[in-house]
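Visitor: Please take me through the terms used for this model, and say what each one rests on.

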Amino acid sequence: MKSQFSKLLVATAMLMFLSVSLAASSSPCKFPAIFNFGDSNSDTGGLSALFGQARLPHGESYFHSPAGRYCDGRLVIDFIANSLELPFLSAYLDSVGSNFTHGANFATAGSTIRPQNTTIRQSGFSPVSLDVQYNEFYDFQPRSQTTRSRGHNLTCGVFEQLMPKAEDFSRALYAFDIGQNDLTSGLFLNMSITQVKAYVPDVLNQFNSIVKYVYNQGGRYFWIHNTGPIGCLPYVLDRLPIPAAQVDKAGCATPYNKLARFFNRGLKQAVVQLRKELPLAAITYVDVYSAKYSLISQPQKHGFKQPIRACCGHGGKYNFNKHIGCGGKIRVHGKDVLVGKACQDPSLWVNWDGVHFTEAANKRVFDQIVDGSLSDPPTPLKFACHGKQQQTH
């Protein structure tokens with residue numbers, strides 16, 4: 001009788017434990033901050049702070065003025081912040097009007113994972129590679145706390161209200177959206193796809209190192225985007241033309257999309273390895289490629305009329321000219337004339353300026369990834385702090 005009673009107690013305790021565990025894992029995460037690393041797909045003002053503001057018509061649809069984004073409005077990272085009930089992220093490099101209470105954005109347009117042996121004027125790629133972005137974060141973490149404590153005493157708490165709390169660093173969401181430029185930088189140097197593939201393992205090793213560094217600084221919750229279908233972007237299609245037989249039904253360059261998928265397979269394996277090495281981390285791998293390609297291959301399903309051509313640009317098959325970009329002007333009879341004009345209704349276009357998506361397209365990408373259906377593990381954004389309980393290895 002005692003034996004049966006003991007078994008009953010054990011079973012009851014187990015059920016209670018499971019109930020508590022399930023309840024905990026079903027509770028939405030309360031991320032107090034986001035720290036983002038990336039390129040122009042998530043840059044909210046970094047490059048603009050360094051090299052001058054992204055000019056009009058960038059920002060026209062939502063901000064109604066330039067807002068540091070290479071888009072007519074909001075980016076996926078903006079929708080992520082909004083979904084988590086956090087304000088838009090201030091760019092770490094922007095010294096004017098920034099508020100870092102709920103995180104910071106280290107992403108910079110044109111950035112790569114692997115440092116580039118060139119200047120932005122020569123290649124168009126940023127000197128702020130991922131290792132530099134990490135160094136910025138590494139510096140920001142202690143300095144923000146020094147500033148916060150000094151600010152409380154010297155300025156009636158003003159700086160205290162502009163910096164994150166010390167405990168927020170371990171509870172924050174760490175987002176990564178970078179890698180596209182590592183592929184195109186090689187292609188634009190006339191490397192073959194085989195040659196670009198050859199250096200991808202090194203790029204991914206460097207990515208892994210940065211994630212480990214962030215983890216060692218207390219980061220625990222990681223939201224990692226793979227790279228999109230580069231073969232569907234006008235700036236690639238215009239500069240790297242291919243035979244018609246290698247263009248798919250959506251109008252995209254198959255070889256370049258295969259390269260992106262090759263990178264993504266490697267990134268996914270890199271994430272698997274990171275999970276083994278970082279036992280306390282919850283790492284969500286997000287298949288942004290599929291979300292973006294869906295907009296281009298099935299535009300009507302998502303409410304778009306123009307999937308490939310750029311909304312804002314000048315001339316050519318794709319309304320893209322690398323010499324006269326979105327907002328570009330030419331000199332006519334001594335006067336500047338705007339020729340890089342925006343289309344009438346950007347909400348019907350997927351591509352904004354030949355390189356980046358429109359706000360409407362970014363929103364549809366976000367809508368496809370927020371529920372976790374394109375993630376590994378299939379964890380919704382608001383539950384990304386629980387991912388370690390169900391990740392595949």
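Guide: This is a predicted model. Start with helix 7 and helix 8, whose crossing is right-handed.

Visitor: Which residues make the contact between helix 7 and helix 8?

Guide: On the helix 7 side they are Asp182, Leu183, Ser185, Gly186 and Leu187. Helix 8 supplies Ile193, Val196, Tyr199, Val200 and Val203.

Visitor: What numbers describe the packing of helix 7 and helix 8?

Guide: Two packed helices are described by the angle between their axes and the distance between the axes. Helix 7 covers residues 180-188 and helix 8 covers residues 193-216. Their angle is about 145°, and the axes are 10 Å apart.

Visitor: Where is Asn190, and why is Asn190 called exposed?

Guide: Asn190 sits in the loop between helix 7 and helix 8. Exposed means over 50% relative accessible area. Asn190 has 69%, so Asn190 is exposed.

Visitor: What is the phi of Asn190?

Guide: Phi of Asn190 is near 70°, a positive value in a residue other than glycine. Most residues other than glycine have a negative phi.

Visitor: What is the phi of Asn319, and where does Asn319 lie?

Guide: Asn319 also has a positive phi, near 55°. Asn319 is found in the loop between strand 6 (306-310) and strand 7.

Visitor: Why does Asn319 count as buried?

Guide: The cut-off for buried is under 20% relative accessible area. Asn319 has 12% relative accessibility and therefore counts as buried.

Visitor: Which residues form a nonpolar patch on the surface with Val332?

Guide: Ile330 and Val337 form the patch with Val332. Together the three residues have about 170 Å² of accessible area.

Visitor: How do you know that the peptide bond from Leu56 to Pro57 is cis?

Guide: Omega for the bond from Leu56 to Pro57 is near 10°, and the bond is cis. Most peptide bonds are trans. Pro57 lies in the loop between helix 2 (46-51) and helix 3 (76-83).

Visitor: What is the omega of the bond from Asp376 to Pro377, and where is Pro377?

Guide: Omega is near -5° for the bond from Asp376 to Pro377, which is cis. Pro377 is in the segment after strand 10 (375-376).

Note on methods:
Residues numbered from 1 in each chain as written. Predicted model: local features only at pLDDT ≥ 70, side-chain atom pairs only at ≥ 80, totals over all residues. Heavy atoms only, no water. Patch = residues over 30% accessible without salt bridge, like charges linked within 9 Å, V, L, I, M, F, W, Y side chains within 5 Å. Areas by Shrake-Rupley, 256 points an atom, 1.4 Å probe, with all protein chains shown as cover. Salt bridge = Lys/Arg side-chain N within 4 Å of Asp/Glu carboxyl O. Axes fitted to C-alpha atoms, helices over the stretch in contact; angles between N-to-C directions. Helix = DSSP H or I, 4+ residues; strand = E, 2+ residues; numbered from the N terminus. Left-handed = near helix turned anticlockwise from the far one by under 90°. Contact = heavy atoms within 4.5 Å. Buried < 20%, exposed > 50% of the residue type's maximum accessible area, 1.4 Å probe, protein only.
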